[in-house]
Amino acid sequence: MYEDGLLFYHQGHKLRILDLHRSAIHEVAVDITVLLRSAIQDSKSWSKYQFKLLHYSHEIISCLFIQHPAETCTPESVLVAFNPWKGQIHTAKSLESTTKLFVRNNRDFLYYGTRSERSPVGDYLWVIRGFDLALGKWLEEALVIPKIMGADLGMDVWFGILDGYFYGISSYSSPGSPKPDYGSYYTCVRFPLSHDGLSHLETAPKRRCWRRDEKEGPIDNRWNFLTLFQDEGTGQLKALEVRREWLWGQPHCRRIAYTSVIDFDAANTLDESDEPQVEHDITADSPEHSYTELYDPDPGQLGTGSLLLPKRDPHQVHPDADDSTFGII
């Protein structure tokens, strides 16, 4: 694992940490067996176990210990968060589920999530739990995100902490929608970091989370990359997605990176249950919603009554190099 200029790797029973940014010549070594015995009281009965690195931020390493079960017992999974420089174990929590497990933290709070709650329609929902690092205790109630979101971290769903909020964003579109969907949108949620618990979940207005029009062509989802970041120049919250797609029926696919502004404070002019008929109101006088020519096909291909796409700012579209322009060496 590589985070914040530090390289983490385990060899034998040692977790080794090397500071690459400072060109360190000595590694910090953590004895994993000693860590296990210190963090988990009944671990002496563990004859075998598996160790996994999960996350690093603000001098806190999060890892997972999984007990190899005997024939008569169920395997135990324990999340451990510790500071190797101070020799401090912040928490060791037994987990009911490790499905799609992730961990995120800053100096004050640590959160972990699993995709483990069954929804009424049969899909699985993300469950988030939080730990107050300052007070040294777990927040009382878990948060179940009620939106259907993706399952592949970094590809169609992303979670992280930015500017005092915990965020989640997904590019997943439900294929079983009862109403016709003229395009796809990001689902973006957030809640403030608070000692009071996981509350005040917000959802960004759908109208402000435009992703793409399905008429643009198919996507090779194996190549997707998705993240959320704060623009260093403007402070705006933006989604970054890299897609490999066949635009407008072209014979060759191409990787293109798209950035999109996510605005939680904008008025939600389009309810999620409504069809996006407001797309017909696009005018040339509104640069934000004007018809885009950069990636639109011949208007004749759209057919009568087709919806016009929101404009894509060329500064937010970054095509990869076209392989066909290069000769074979």
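**Close-up 1. Lys14 and its partner across the strands.** In β4, Lys14 finds its bridge partner in Asp31. Strand β3 (residues 14–19) pairs with β4 in the antiparallel sense, over four bridges. Two strands count as paired here if DSSP finds at least two bridges between them. Strands (E, at least two residues) and helices (H or I, at least four) are DSSP runs, numbered from the N terminus. The model is predicted, so local features need pLDDT of at least 70 and side-chain atom pairs count only at pLDDT 80 or more, while totals for chains, interfaces and linings use all residues. Residues are numbered from 1 along each chain as its sequence is written, and side-chain values use heavy atoms, with hydrogens and water left out.

Close-up 2. Four strands make up an open sheet in the order β1-β2-β3-β4, with antiparallel pairing. β1 (2–3) and β4 (28–31) stand at the edges with a single partner strand each, so one side of each has no neighbour in the sheet. Helix α1 packs on this sheet and touches β2 (6–11), β3 and β4, where contact means heavy atoms within 4.5 Å. The direction of α1 makes about 55° with that of β4; axes are lines fitted to C-alpha atoms, for helices over the stretch in contact, and angles run from 0 to 180 degrees between N-to-C directions.

**Close-up 3. The two sides of helix α1.** In α1 (residues 32–39), the buried residues are Ile32, Leu35, Leu36 and Ala39. Looking down the axis of α1, these buried residues fall within an arc of 100°, so they line one face of the helix; the arc is that of the directions from the helix axis to the C-beta atoms. Val34 and Ser38, on the other side of α1, are exposed. Buried means under 20% relative accessible area and exposed over 50%, with partly exposed in between (1.4 Å probe, protein chains only). At the N-terminal end, Asp31 caps α1: a side-chain oxygen of Asp31 lies 3.0 Å from the backbone nitrogen of Thr33.

Close-up 4. Arg312 is in the loop between α2 (299–302) and β23 (317–319), and Arg212 is in strand β19 (residues 210–212). The two are 100 residues apart along the chain, yet their C-alpha atoms are separated by 9.8 Å. Arg312 counts as buried because its relative accessibility is 9%; Arg212 does too, at 1%. A polar contact of 2.5 Å joins the side chains of Arg312 and Glu216. That term covers a pair of N or O atoms within 3.5 Å; within protein, one must be able to donate a hydrogen and the other to accept it, and residues adjacent in sequence count only if both atoms are side-chain atoms. A polar atom of the Arg312 side chain also lies 3.5 Å from the backbone oxygen of Arg211. For Arg212, a polar side-chain atom lies 3.0 Å from the backbone oxygen of Gly217.

**Close-up 5. Strand β21 between its neighbours.** Strand β20 (residues 225–230) pairs with β21 (residues 237–245) in the antiparallel sense, over six bridges. Phe225 has Val242 as its bridge partner, and Gln230 stands opposite Leu237. Six residues lie between the strands of this hairpin, where Gly235 takes a positive phi near 80°. β21 also runs antiparallel to strand β22 (residues 254–261), joined to β22 by eight bridges, and here Arg243 has Ile256 as its bridge partner. β21 is mostly covered, with seven of its nine residues buried.
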